[in-house]
Amino acid sequence: MIEHDIALAQKLVAIPSVNPRLGDDPAIIGEHRLADFLSNYLNNLGFAVDRHEMTPGRPNLVASYGPQMPRKTFLFEAHLDTQGIHNMTVPPFAGILSNEGRLYGRGACDMKGPMASALSALEPDRLARLAEAGVRVLFIGAIGEETGNIGATQLAGLGIGADEAIVLEPTDLNIVHAHKGVAWFEVECFGVAVHGSNPGLGINAIEGAAAWIAEMKSALDALPLEHPSLGKPTLNIGRIRGGSSINIVPERCVLEVDRRMVPGEKAEEILDHARAIAERLVKHGLLRAASIESIESGAPFETGVDSSLIRRLTEACRDEKTEPRVEGASWYSDAGPLSKTCGQIAVFGPGSIRQAHTADEYISVQELQTGTRILRRLLDRLAGEGT
Ligand SMILES: [Zn+2]
């Protein structure tokens, strides 16, 4: 017999939900089919289900169960979208179980496997016990995580959050308590074009941009910021465009900048600082003008390692004889936007991030089931605290 969580993971994999920006076949793109399935599934468990569709055709799902005036709110968040299926070497939507105990398919580990674990932990008797203990449980399905965390950003904008949240992602059953934030921006530098034989008469936009980079780097090096699990903030100039000819002093140079932030840093402050450096260069005649615009940004997140959520989740792992690492992650997730509306967040789930986005994506069946048992223990401990 196939256990409930495995059968459910197979079912979820069989419902295509490719991020619309990562595919073009209408039969497989979009999150709506999965949102429909989850609406039904959660409805049948007694959840009140709301849809928030700010992007037409792409519904976010917010389901809740339990008291209207709760003692505590607890949230599972799962993104609904997956990567595309280009170049996959296994059938993407067949949900094949192999003899080595693997479930194959697009989304098997990122993140329909972890989603199946969480849904399987939400059994009627456990939900009733949580409600009795004054805990309101939310299950959120968010669109567009793979291309800019759109859904989580929309929902956080509506104020949807909880006291404690588990953002489901494949972490090998380790507990991610922090990750960096992202500030992507464009720096447009203007000079004065003259003939290259007489550069002293013009202002070289490329050289001005280089001066800006040097000042940004030395300012970053001087920052006394070093996070115990995330290290230092970083700066990467990912793209540069400028100049028109070898013998002309360039009039314009554009930089695309990827600045990763540690907790406590804010994108707006980083952009303000970048502008102040550019203004100084203009004042000193190294640039004629400059403009700096945000491309995209996402907040960092951090939950204290001694917080109630991290402690309870660690204990739940130990109940199931696993010893989780509590660590910072190098990648980004929906925990960033949700940090605005959730008191404590852990990113957690079965499956390996190394298997996410791959041509033969799979999740270990055994790990998925351990994940389910850990999440049950977690909810049981939460219910037990109220009585
Ligand atoms: Zn994911």
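Predicted model: local features only at pLDDT ≥ 70, side-chain atom pairs only at ≥ 80, totals over all residues.
Residues are numbered from 1 along each chain as its sequence is written. Local features need pLDDT of at least 70 and side-chain atom pairs pLDDT 80 or more, whereas totals for chains, interfaces and linings use all residues; side-chain values use heavy atoms, without hydrogens and water.

The protein chain is divided into domain 1 (4-179 + 301-385) and domain 2 (181-298), with bounds from an automatic or database domain assignment. Their C-alpha centres lie 38 Å apart. Ten residues from domain 1 and eight residues from domain 2 form the contact (heavy atoms within 4.5 Å).

Between them the domains bury about 620 Å², 59% of it on carbon and sulfur atoms; buried area is the accessible area (1.4 Å probe) lost on putting two parts together, summed over both. On the domain 1 side, H179, E302 and Y332 lose the most area, together 56% of what that side buries. Zero salt bridges are counted between the domains (a side-chain nitrogen of Lys or Arg within 4 Å of a carboxyl oxygen of Asp or Glu).

Five aromatic pairs are found in the whole structure (ring centres of Phe, Tyr or Trp, the last by its six-membered ring, within 6.5 Å; planes under 30 degrees apart are stacked, over 60 edge-to-face and the rest tilted). The rings of Y104 and Y362 have centres 5.5 Å apart and planes at 55°, so this pair is tilted. Because Y104 lies in strand β4 (residues 102-104) and Y362 in strand β15 (residues 362-364), the pair ties together parts 258 residues apart in sequence; strands are DSSP runs (E, at least two residues), numbered from the N terminus.

Methods. Helix = DSSP H or I, 4+ residues; strand = E, 2+ residues; numbered from the N terminus.
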